[in-house]
Amino acid sequence: MNRREQIKMTAAEVASFLAEERTVTCATIGPRGWPHLMPLWYVLRGHSAGEPGPRIWSWTYAASQKVRNIERDPRVTLQVEAGEEYAQLRGVVLECEVVVHREVTEVVRLGAEIMMRNAVARGESPLQELPAEARDVVAAQAGKRVGLEFVERRRTSWDHRKLGGFY
C-alpha cells in the first residue's frame, strides 16, 4: 500500500473530523483569476443518497467578494485542517459546487445553527437554543446574508497519525 492510501481517512473518519472542527477555509476564484481564501464557521447537515457524508453549510454577507466570486463560478475548494506537528497533521479538501440560499427564514435558521455550535468551548455540549439577544442579532443580520450549501464533488483526506511516527 502506498503512503497516500495509508493516510487516507475513511468516510466515517472524515465525518467525525468535520464534526470536531469549526472553521473551513473556502477558496473561490477572484475577479482577476487569483484564488480568494476566506475562513468560515460551518455546520454539517444531512446528505443525499449516494453522497459520502454530510454537507458543509455556512453563511456570509451577500455583498462579500466570495459571494460575487461564487455567482460568477460556483466551484470552490474547501479545506479543514488540524495538527501542529507533522506527525499529527490531518485534514480534508473538498471540491464543491455551491448552492446560494437567499430565503431569509433559511438564512436565520442557518445563522442560529452556526451561532449555537460556536457559542460554547470545544468539548462542551452545544446550546439547545440561542439566548433571545443572540436570536435578535442573527435575525438582524439575516437580511444582509446568504446561506452557502457546499455540494461535494471530490475529496482528498490525510491523517499523518496513521503513519505511527514513520515518514
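## A helix across the strands

Let's start with helix α4, residues 104-118, which lies across β2, β3, β4, β6 (90-101) and β7. Relative to β4, this helix runs at about 105°. Keep in mind as you look around that this is a predicted model.

## The sheet

In what order do the seven strands of the open sheet come? Reading across, the order is β2-β1-β5-β6-β7-β4-β3, and the pairing is antiparallel. At the edges you will find β2 (35-41) and β3 (43-45), each of which pairs on one side only. From one strand to the next, the twist averages 35°.

Now pick out β4, residues 55-61, and β7, residues 145-159: these two strands run antiparallel and are joined by six bridges. For a landmark, find Ile-56, which stands opposite Phe-150 in β7.

## A closer look at Ser-58

Strand β4 also holds Ser-58. Is Ser-58 buried or exposed? Its relative accessible area is 0%, and buried means under 20%, so Ser-58 counts as buried.

Which residues is Ser-58 in contact with, leaving aside its neighbours within four places in sequence? They are Leu-40, Trp-41, Leu-110, Ile-114, Val-146, Gly-147, Leu-148 and Phe-150. One of these, Phe-150, is the residue that stands opposite Ile-56.

Note on methods:
Residues numbered from 1 in each chain as written. Predicted model: local features only at pLDDT ≥ 70, side-chain atom pairs only at ≥ 80, totals over all residues. Heavy atoms only, no water. Pairing = 2+ DSSP bridges. Helix = DSSP H or I, 4+ residues; strand = E, 2+ residues; numbered from the N terminus. Axes fitted to C-alpha atoms, helices over the stretch in contact; angles between N-to-C directions. Contact = heavy atoms within 4.5 Å. Buried < 20%, exposed > 50% of the residue type's maximum accessible area, 1.4 Å probe, protein only.
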